[in-house]
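Hello,

Here is the structure for your files. Please load it before reading on.

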Amino acid sequence: MDTFLAPVEQPKSLMMKLAYYFTRKQFGKVLAPLKVHAVRLPVAFGMFYGKVNKLDKKLTLSNETILLVRQQVARLNICLFCMDIARWEVIRSSMDSAKFDALPDYATSNLFTPAEKALLDYTTALTQHKKVNPDTFSRMAMFYNETQICEVVWLIASEHLYNMTNIGLNIHSDMLCDMRRRSQG
């Protein structure tokens, strides 16, 4: 299905030309959100999205936990691009793909620890209902400290930013996982 706005293949500004170059170098292609959304806004907006990604590296949560939260939010919001790029990162980082495959059944899967199940219950409630039952929060707080809880809230909120941008412009998967498999094969 086509994006609501046509992708811009040849950006005009030098900064966007550089962004296209480095994205193509990193991913093997220019990503759809860059060609559809970021290219039409002042460069500062694209830089903001890049800063969101860099902020994740400052979190105390493990990379796997960060990706579990982001993937769960994207899955619930049905953001195909975000699900794809998160899976690309799982593969690139050599994380256990089986755990990410089991996300829809996390509550009953033995692949998830009690801490992860509490975290994903919280993530699911906040994403689906935009509020959280105090018991759900308390269960998560048994496993995560106050800083980590704030990090989880940040991850959920910032993932919504990505998701709504892509969903709002009908941006779907860039098939990064398939590209990654081809490059490994």
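This is a predicted model: local features need pLDDT of at least 70, side-chain atom pairs count only at pLDDT 80 or more; totals for chains, interfaces and linings use all residues.

Residues are numbered from 1 along each chain as its sequence is written, and side-chain values use heavy atoms, without hydrogens or water.

Helices are DSSP runs of H or I with at least four residues, numbered from the N terminus.

Start with α9, residues 146-168. It has 23 residues and spans 33 Å from first C-alpha to last, close to the expected 33 Å (1.5 Å times one less than the number of residues). At its start, a side-chain oxygen of asparagine 145 comes within 3.0 Å of the backbone nitrogen of threonine 147. Just after α9, asparagine 170 has a positive phi of about 60 degrees.

Next, glutamine 71, in helix α4 (residues 63-77). It is buried, at 7% relative accessible area (buried means under 20%, with a 1.4 Å probe and protein chains only). Leaving out residues up to four places away in sequence, glutamine 71 touches Cys82, Met83, Ala86, Arg87, Phe100 and Leu103 (contact means heavy atoms within 4.5 Å).

Last, α7 (residues 114-129) packs on α8 (residues 134-141) at about 145 degrees, axes 8 Å apart. Axes are lines fitted to C-alpha atoms over the stretch in contact, and angles run from 0 to 180 degrees between N-to-C directions. Ala118, Leu119, Asp121 and Tyr122 of α7 meet Thr136, Phe137, Arg139 and Met140 of α8.

Regards

Methods: Helices (H or I, at least four residues) and strands (E, at least two) are DSSP runs, numbered from the N terminus. A polar contact is a pair of N or O atoms within 3.5 Å; within protein, one must be able to donate a hydrogen and the other to accept it, and residues adjacent in sequence count only if both atoms are side-chain atoms. Buried means under 20% relative accessible area, exposed over 50%, partly exposed in between (1.4 Å probe, protein chains only).
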